[in-house]
Amino acid sequence: MDDALQFALDAAAPGREVRDVTTTGPSWNDANETVRVTFADGDDPSAVFCKVALDGDGSRIARERTALAAVGAADRVPVPRVVAVDSDASVPYLLTMPVDGETLLDRGADADAASRRDLARRVGRALADLHGLYADSLDTHGEVRGVIRDGDGRVSGVDVRPEPWTDLLLERIEWIRTASPSDRFDDHFDRVAEIVAANRDRLDDAPATLCHFDLAKPNCFVVDGGDDEPRVGVLDWERACVGDPVRDLVRGLEQGFEPMRSDDESGLGDAFLDGYRERAGGLPDGYEEREPIYRAVRHLGVSGYFENCLQFVDVDREAFADWTETELDRRLARV
């Protein structure tokens, strides 16, 4: 076990003997480390997930703690329970309980086509439920900085540090640039940022909802409820903020339900959007107008993580590079 994890466990679970530490799988985020820790002493909890911010930046841990408190209190979208957290420590950390259920990635691995579409629909419903949380009290975009409690101490809202949505989105684009391991397509970030800034009027008028912004399959889990319908919960809330729900939808579509380089013939993307419509009564206002902008922003996940994405395509490096370039051109032309 490395020093960062040892620091977190010494602080959050002093004196407890560790039996096993296992990885949670591959990650493209080098700023964090997350492992499952099993204790040997038989006390409760017998196991936790431990996340540490290796770069010492506690803002992501603080953001996740706030989002988990807000979403967990509403009890509409299942989330992990926090065991211990310190975002101000020299090694910021977050310990959470294991969730009941398996990840969407595992659940869908051996499922037939109809079952996978049903799962996609359920994820869409869960995202709509998230966007509906505290919606009546949210009138500005911005980073979440805490929860609002009523006179009885119950969570009743989200405290937001107001910021124009365009500015917040541009900051997120720069964060992706900084975190990305490849600089081969660094100019893509400038081109997308320029088109975002040019569409400020469109973006700043977008609805303001609590968003997750990382709805990848490993971050979704399925909770079977006996006689009740299975529910989809969500992990890993460090990117959460109050932003445009259309970006959350587009990012979720491309992360989990649309193939990277071909048309969606599986129907998973349509099922995801159908589930959202069923729960929300339709797609967010202005979806068709702003969706092309977020398609361009989302492509930066390929541009910046070119080498990572290369392992999932069936063409050689230069052919994939050519596609990466022309695909951004195509997306920008749609805006």
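Here is a short tour of this predicted model, stop by stop.

Before you click, note that residues are numbered from 1 along each chain as its sequence is written, and that side-chain values use heavy atoms, with hydrogens and water left out. Because the model is predicted, local features need pLDDT of at least 70 and side-chain atom pairs count only at pLDDT 80 or more, while totals for chains, interfaces and linings use all residues.

**Stop 1: strand β3**

Select residues 47-53, which form strand β3. Helices (H or I, at least four residues) and strands (E, at least two) are DSSP runs, numbered from the N terminus. Of the 7 residues in β3, 6 are buried, so the strand is largely enclosed by the rest of the structure. Buried means under 20% relative accessible area, with a 1.4 Å probe and protein chains only.

Two strands pair if DSSP finds at least two bridges between them. Look for R36, whose bridge partner in β3 is F49. Then show strand β5 (residues 93-96), joined to β3 by 4 bridges, also antiparallel; here K51 has L94 as its bridge partner.

**Stop 2: E64**

Which residues does E64 touch? Beyond those up to four places away in sequence, E64 touches K51, L94, D236, W237 and E238, where contact means heavy atoms within 4.5 Å. E64 lies in helix α2 (residues 59-74) and is buried, with a relative accessible area of 5%.

**Stop 3: a three-stranded sheet**

Next, colour the open sheet of 3 strands, which has the order β6-β10-β11 and antiparallel pairing. Its edge strands are β6 (102-103) and β11 (228-234), each pairing on one side only. β6 joins β10 (residues 220-225) through 2 bridges, and E102 stands opposite V222 in β10.

Show helix α4 (residues 113-132) too: α4 lies across β10 and β11, running at about 65° to β11. Axes are lines fitted to C-alpha atoms, for helices over the stretch in contact, and angles run from 0 to 180 degrees between N-to-C directions.

**Stop 4: a charged lining**

Finish by selecting R63, E143, R172, W175 and R239, which lie nearest the centre among the 14 residues lining the second largest pocket. The lining divides into 3 nonpolar, 1 polar and 10 charged residues; Asp, Glu, Lys and Arg count as charged. Its largest share, 4 residues, comes from α5.

Methods
Buried < 20%, exposed > 50% of the residue type's maximum accessible area, 1.4 Å probe, protein only. 1 Å grid on protein atoms, 1.4 Å probe; cavity = no way out; pocket = protein on both sides within 12 Å on 5 of 7 lines; lining within 4 Å.
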